[in-house]
Amino acid sequence: MAFLEAINKDLIKVPMTARNGREAVEELVSLYCSNAGISQTEEENILKLVMDRERLGSTAMENGIAIPHAKIGGLKKPAVVIGISRLPIDFGGEKPSSIFFLVLAPAENPAEHVQILSSIAKVCSSQLLVRMLQSSRTKDDVYQLFFE
C-alpha cells in the first residue's frame with residue numbers, strides 16, 4: 001500500500017490541541033483508535049510501541065515535520081494519521097514540529113512500513129507543500145492538498 005492509499009480524511013486532525021511531544025502522539029493514536037474501533041487496552045499498547053520507537057531517536061525532521069511511527073502486530077493495513085498544530089511542539093528535533101504524520105503499519109510487512117516513511121519524507125521535501133500544510137485550517141484543506 002502506498003502512502004496516499006493510507007490517507008483517510010477521518011484520520012486528519014486540524015488543529016491539534018497537544019502542547020508537548022507525548023500529548024501529540026497520544027492525540028494522534030487516540031484519533032486512529034477511535035476511528036478503528038480499537039479497545040483502550042490496545043490503544044495503550046499502540047501508544048507504548050510508538051513512544052518506545054521515539055525513545056530510540058526522535059522522528060522529528062527538517063521543516064517542522066515529525067513522523068512518529070511503529071510496526072503493530074496483527075494490524076491488517078497501514079494507517080497514516082495527520083495532525084497540524086497551530087503552535088510548534090518540541091519533538092526532539094533541531095526545530096519544533098507543527099506537522100505530524102503518525103504511521104502505523106503491520107509488523108508482518110516491514111517493507112511497506114519503510115515505503116510509506118520514505119514517501120512521506122519525499123513529499124515533505126517540498127517547501128511549498130509544507131507551507132500549505134502549516135496554513136491548513138481544516139482536515140478538508142489537508143486532504144485536498146494530497147488529492148486535488
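Contact here means heavy atoms within 4.5 Å. Keep that in mind for the exercises below. The model is predicted, so local features need pLDDT of at least 70 and side-chain atom pairs count only at pLDDT 80 or more, while totals for chains, interfaces and linings use all residues. Residues are numbered from 1 along each chain as its sequence is written, and side-chain values use heavy atoms, leaving out hydrogens and water.

**Exercise 1. Describe the surroundings of Asn 63.**

Step 1: Find the residue. Asn 63 sits in the loop between α2 (40-56) and β2 (65-66); helices (H or I, at least four residues) and strands (E, at least two) are DSSP runs, numbered from the N terminus.

Step 2: Buried means under 20% relative accessible area, exposed over 50%, and partly exposed in between (1.4 Å probe, protein chains only).

Step 3: List the neighbours. Leaving aside residues up to four places away in sequence, Asn 63 touches Lys 95, Cys 124, Gln 127, Val 130 and Gln 134.

Step 4: Look at one pair. The side chains of Asn 63 and Gln 127 are joined by a polar contact of 3.0 Å. Such a contact is a pair of N or O atoms within 3.5 Å; within protein, one must be able to donate a hydrogen and the other to accept it, and residues adjacent in sequence count only if both atoms are side-chain atoms.

**Exercise 2. How many disulfides does the structure hold, and are Cys 33 and Cys 124 buried or exposed?**

Step 1: Apply the cut-off. A disulfide is a pair of cysteine sulfur atoms within 2.5 Å, and the structure holds zero of them.

Step 2: Read the accessibility. Cys 33 is buried because its relative accessible area is 1%. Cys 124 has 4% relative accessibility, so it counts as buried.
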